[in-house]
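I opened the model today to look up a few places in it. My notes follow in the order I took them.

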Amino acid sequence: MKHTKFLAIGLSLAAAGWAANAPQQVTYHKDVAPILQSHCQECHRPGEIAPFSLLSYNDARPWAKAIKSDVVTRKMPPWFADPQYGHFADDRSLSKQEIETLVSWVDGGSKEGDPKDEPKPRTYVDGWNIPKPDLVLDMNTFHIPAKGDIPYMYVVLPTKFTQDQWIQAAEARPSDRTVVHHVVIFVRDPESKWLREADPGVPFVPPGNGKNFNNTSGGGNDILMIYTPGKVPEMWRPGLGKMIKAGSDLVLQIHYTASGKDTDDHTKVGLVFAKEKPTERALTIGGNNLSFKIPPGDADYRVEAKNVFPNGVTILNFFPHMHLRGKSFEYAAVYPDGRREVLLRVPKYNFIWQLDYVLKEPLVLPPGSRIECTAWYDNSPNNPANPDPTATVRFGEQSWEEMMIGFYDVVMPADMSMKEFFTPKKPATPTPTSGQ
């Protein structure tokens with residue numbers, strides 16, 4: 001009881017501090033709506049992941065106190081990057097002034113103000129966060145039981161492309177987001193033998209009991225995109241895109257989690273084609289480690305993974321992935337001279353909100369550089385999400401097991417193969433000169 005009382009007093013004092021420097025006569029249309037448009041409405045609108053809409057004053061007013069509490073504690077909007085490292089284009093965190101404005105609005109009675117003061121509403125394509133798709137692929141309906149562990153489902157979606165197709169934007173949309181933890185979409189090469197036994201459109205469980213990393217990693221095929229709650233869909237700048245070879249299939253890897261009630265899902269995928277062939281191709285890399293064994297009760301277990309780029313590399317974004325014991329994650333660049341630079345640090349990893357961190361400016365690293373991914377895990381009783389602090393934890397697909405994957409996208413010339421990308425270039429042969 002005393003702890004709850006002190007917490008309430010602390011939140012009240014914090015809110016008072018936020019409101020102290022806020023503008024006077026704060027109203028929804030003039031001051032609050034612009035903040036919600038920039039930071040909240042992408043998720044808080046009909047058909048999206050958030051449980052309620054924030055598109056209008058009538059939508060927001062009943063949630064005023066909850067908005068105040070969540071922004072003061074920085075629970076919302078979800079953003080977990082340490083501000084000391086890196087600058088990110090998709091940083092959705094609120095500034096001190098924005099928090100002060102929202103607190104002042106709530107404390108001042110959540111006034112509506114003059115509708116003429118509100119900026120022009122943001123526009124969205126109905127049912128999508130990307131522009132209107134040129135192609136939509138849909139899977140068969142899958143039933144999710146109310147309880148129990150559900151193995152990863154793999155769904156093959158034939159593209160039927162008769163020529164290579166370049167993708168400018170892609171989005172996965174589950175029909176029931178409450179049970180879909182993630183969707184990884186692989187581009188299965190027409191020569192790949194991976195999951196050829198699976199029927200098109202039908203959710204399939206491959207052999208291996210969730211321990212075959214060849215399945216988890218997509219059989220060595222490229223990743224088109226990843227869906228997780230709160231993650232912005234993939235949209236590449238002009239001149240850059242993902243490539244789907246003629247005859248390729250998309251393979252959806254879907255992690256379902258039971259929600260306590262029976263339900264169905266049929267995830268669909270929308271693709272926007274590039275108007276012209278890009279000059280550069282985005283390729284998804286994963287720094288991963290499969291050999292870890294997290295001891296029982298260990299509150300700070302460290303796992304590392306490294307990738308070396310003999311010809312240099314340009315990096316676009318970072319997407320760390322762990323499970324319920326995930327504590328923190330870091331990406332660092334190590335230069336040929338030994339200098340080490342932290343690129344992203346997530347000090348408090350959140351399994352519920354797995355976010356992409358898109359660099360404001362692509363990072364160009366010289367030949368011989370490497371990317372180091374470091375993850376820390378809390379397998380102690382002090383971790384409230386820990387399924388079993390007495391267990392020795394190894395790699396596995398289920399949430400009560402663990403993963404260590406540091407995804408990131410790199411840039412390569414459009415016509416270069418992955419083999420060429422990773423093969424060290426031979427030094428140029430000097431041109432012989434005749435003596436004088």
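**Entry 1: Ser328**

I started with one serine: Ser328 sits in strand 15, residues 326-334. This is a predicted model, so I keep that in mind throughout. Is Ser328 buried or exposed? I read a relative accessibility of 12% for Ser328, so it counts as buried. The cut-off for buried is under 20%. Next I listed what Ser328 touches, leaving out residues up to four places away in sequence. The contacts are Met322, Val346, Pro347, Tyr349, Thr374, Ala375 and Trp376.

**Entry 2: confidence**

The mean pLDDT is 90. I noted that 92% of the residues reach 70 or more.

**Entry 3: strand 4 and its partners**

I moved on to strand 4, residues 165-173. Nine of its nine residues are buried, so strand 4 is largely enclosed by the rest of the structure. Which strands pair with it? I found strand 11 (residues 268-273), antiparallel to strand 4 over six bridges. Here Ala170 stands opposite Leu271 of strand 11. Strand 8 (residues 240-244) also pairs with strand 4 in the antiparallel sense, over three bridges. In that pairing I marked Trp166 opposite Met243. Strand 7 (residues 234-235) is antiparallel to strand 4 too, with two bridges. Ala169 faces Met235 of strand 7 across that pairing.

**Entry 4: cavities**

I then searched the whole structure for cavities. How many cavities of 30 Å³ or more are there? The search finds three.

The largest cavity has a volume of about 170 Å³. I counted 18 lining residues for the largest cavity, with Asn129, Arg177, Tyr227, Lys231 and Pro233 nearest its centre. Strand 4 and strand 6 (222-227) are the elements that give two or more residues to this lining. Strand 6 has the largest share, three residues. By class I have nine nonpolar, three polar and six charged residues in the lining of the largest cavity.

The second largest cavity has a volume of about 90 Å³. Its lining has 13 residues, and closest to its centre are Ile226, Glu234, Thr284, Asn317 and Asp409. The elements that give two or more residues to the lining of the second largest cavity are strand 6, strand 14 (313-321) and strand 19 (405-413). Strand 6 gives the most here, with four residues. I sorted the lining of the second largest cavity into seven nonpolar, two polar and four charged residues.

**Entry 5: the largest pocket**

Last, I looked at the largest pocket. Its volume is about 610 Å³. Which of its lining residues lie nearest its centre? I wrote down Cys40, His44, Met76, Pro77 and Pro78, out of 31 lining residues. Helix 2 (28-39) and helix 4 (64-72) are the elements that give two or more residues to the lining of the largest pocket.

Conventions
Residues numbered from 1 in each chain as written. Predicted model: local features only at pLDDT ≥ 70, side-chain atom pairs only at ≥ 80, totals over all residues. Heavy atoms only, no water. pLDDT = per-residue confidence, 0-100. 1 Å grid on protein atoms, 1.4 Å probe; cavity = no way out; pocket = protein on both sides within 12 Å on 5 of 7 lines; lining within 4 Å. Points joined across faces, edges and corners; volume = space filled by probe spheres on them. Buried < 20%, exposed > 50% of the residue type's maximum accessible area, 1.4 Å probe, protein only. Contact = heavy atoms within 4.5 Å. Pairing = 2+ DSSP bridges. Nonpolar A, V, L, I, M, F, W, Y, C, P; charged D, E, K, R; others polar.
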